[in-house]
Amino acid sequence: MVPEQLSIGVDAGGTNIKAVAIGGDGAIRAQLALATPQDRDGLIDAVAGLVADVESEIGKTAANVGFSAPGLAARDGHSIAWMQGRMEAVQGLDWTSALGRDAPVWVLNDAHAAIVAEAWLGAAVGCRNVVLFTLGTGIGGAVMVDGRLLQGQLGRAGHLGHLSLDIDGEPDICRAPGSLEDAVGDCTIEARSGGRFSTTADLVAAAETGDEGARHVWRRSVRALACGIASLINVADPEMVVLGGGIAKAGKALFEPLGREMQDVEWRPVGGDGVPIVPAALGENAGAIGAARYAAAQNSGAT
């Protein structure tokens, strides 16, 4: 019998680092997490320790290691080449060297990792054309076309929050005027609610109790999201749109009004049904699972 090859995926976020060991069948053999250090040396030590602890738990050296984080992955796939403003410690770190691995440690953007995972084991199983939005403090995302992750020339592909919805709006952190991120993300919720709410979860809770001010802000947020999704549908023509992140946890309070808005703004040239919009299925492990899957594919020569 051929020994099972296991892959480790590490997903480093601003708050926590998650690590999983996963088999070729998608079953998780081990998983660990810890708080994210903010300094470079601390980050390296934390990731190295997690990988070592996971390998100790599975009782063998993993054949593949993948790493995901916010930012633009380098073209060689071995570091995050650009990450300014938050988690700057990750920028430029070659993880193959940092972890002392013989085989390459493959690095990709965290939302890119999430779509790889969701298409393999999650909400988009069986789909080859998928758009994923991550809805949280900011709005991230990823696009898969004909089964291939769209990364682009510089790794910018999938930064869906920086779609411009209002040419006269204020520029966002990536210079896009009136962006989807600023219309929907938690990063602007205080400004959009006149200082009343600090999180979208608080806004939604108030809207559901009948607070008219909160309901107005939430309706505009959902309308903006619908316009952004409809725009991406026209660009990528996906089979499915997957919504993840903290804001997507609003459940029916998001998906029901979003469905109504999509009826108004989505181009549906064939038949009356729109593109399915579904919640992400893999939760906080999506980035780590996708990083492991991506590393295994890269090392095997799969594309």
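Visitor: What does it take for two strands to pair?
Guide: Two strands pair if DSSP finds at least two bridges between them. This model is predicted. In it, S2 and strand S3 (residues 28–35) pair in the antiparallel sense. The bridges between S2 and S3 number seven.

Visitor: Which residue of S3 stands opposite Ile17?
Guide: Strands of a sheet pair through backbone hydrogen bonds, either parallel or antiparallel. S2 and S3 take the antiparallel sense. Opposite Ile17, S3 places Leu34.

Visitor: Which residue takes a positive phi in the hairpin of S2 and S3?
Guide: Five residues lie between the strands of this hairpin. One has a positive phi near 90 degrees: Gly26.

Visitor: How does S1 join S2, and how many residues lie between them?
Guide: Strand S1 (residues 7–12) and S2 run antiparallel, joined by six bridges. Ile8 stands opposite Ala21 in S2. S1 and S2 form a hairpin, and the residues between them number three.

Visitor: How many residues of S2 are buried?
Guide: Strand S2 covers residues 16–22. The strand is mostly covered. Of its seven residues, the buried ones number six.

Visitor: Is Asn64 buried or exposed?
Guide: Asn64 sits in strand S4 (residues 64–69). Buried means under 20% relative accessible area. Asn64 has 7%, so Asn64 is buried.

Visitor: Which side chain makes a polar contact with that of Asn64?
Guide: Leaving aside neighbours within four places in sequence, Asn64 is in contact with residues including Gln5, Ile8, Ala295 and Asn299. Ser7 is also in contact with Asn64. The polar contact spans 2.9 Å, and the partner side chain is that of Ser7.

Visitor: What span should helix H9 have, and what is the distance between its end C-alpha atoms?
Guide: H9 has 15 residues, 286–300. At 1.5 Å a residue, the helix should span 21 Å. The end C-alpha atoms agree with that, because they are 21 Å apart.

Visitor: Where do the buried residues of H9 pack?
Guide: Buried residues of H9 include Ala286, Ile289, Tyr294 and Ala295. Just after the helix, Gly301 takes a positive phi of about 90 degrees. The buried residues of H9 pack against S1, S2, S3, S4, strand S7 (105–109) and H3.

Visitor: Which are the edge strands of the five-strand open sheet?
Guide: The strand order is S10-S9-S8-S11-S12, with mixed pairing. An edge strand here pairs on one side only. The edge strands are strand S10 (148–149) and strand S12 (277–279).

Visitor: What is the bridge partner of Val130 in S9?
Guide: Strand S8 (residues 130–135) and strand S9 (residues 139–145) are antiparallel, with six bridges. In S9, the partner of Val130 is Met144.

Visitor: At what angle does helix H3 run to S9?
Guide: Helix H3 (residues 110–120) packs on the sheet. H3 touches S8, S9 and S10. Its direction and that of S9 make an angle of about 50 degrees.

Visitor: At what angle does helix H8 run to S12?
Guide: Helix H8 (residues 252–265) lies across S8, strand S11 (240–244) and S12. Its angle to S12 is about 165 degrees.

Visitor: How many disulfides are there?
Guide: A disulfide needs two cysteine sulfur atoms within 2.5 Å. By this rule the count is zero.

Visitor: Which cysteine sulfur is nearest to that of Cys174?
Guide: Cys174 is in no disulfide. Cys174 is partly exposed, at 38% relative accessible area. The nearest cysteine sulfur is 11 Å away and belongs to Cys187.

Technical notes:
Residues are numbered from 1 along each chain as its sequence is written. This is a predicted model: local features need pLDDT of at least 70, side-chain atom pairs count only at pLDDT 80 or more; totals for chains, interfaces and linings use all residues. Side-chain values use heavy atoms; hydrogens and water are left out. Helices (H or I, at least four residues) and strands (E, at least two) are DSSP runs, numbered from the N terminus. Buried means under 20% relative accessible area, exposed over 50%, partly exposed in between (1.4 Å probe, protein chains only). A polar contact is a pair of N or O atoms within 3.5 Å; within protein, one must be able to donate a hydrogen and the other to accept it, and residues adjacent in sequence count only if both atoms are side-chain atoms. Contact means heavy atoms within 4.5 Å. Axes are lines fitted to C-alpha atoms, for helices over the stretch in contact, and angles run from 0 to 180 degrees between N-to-C directions. The expected span of a helix is 1.5 Å times one less than its number of residues.
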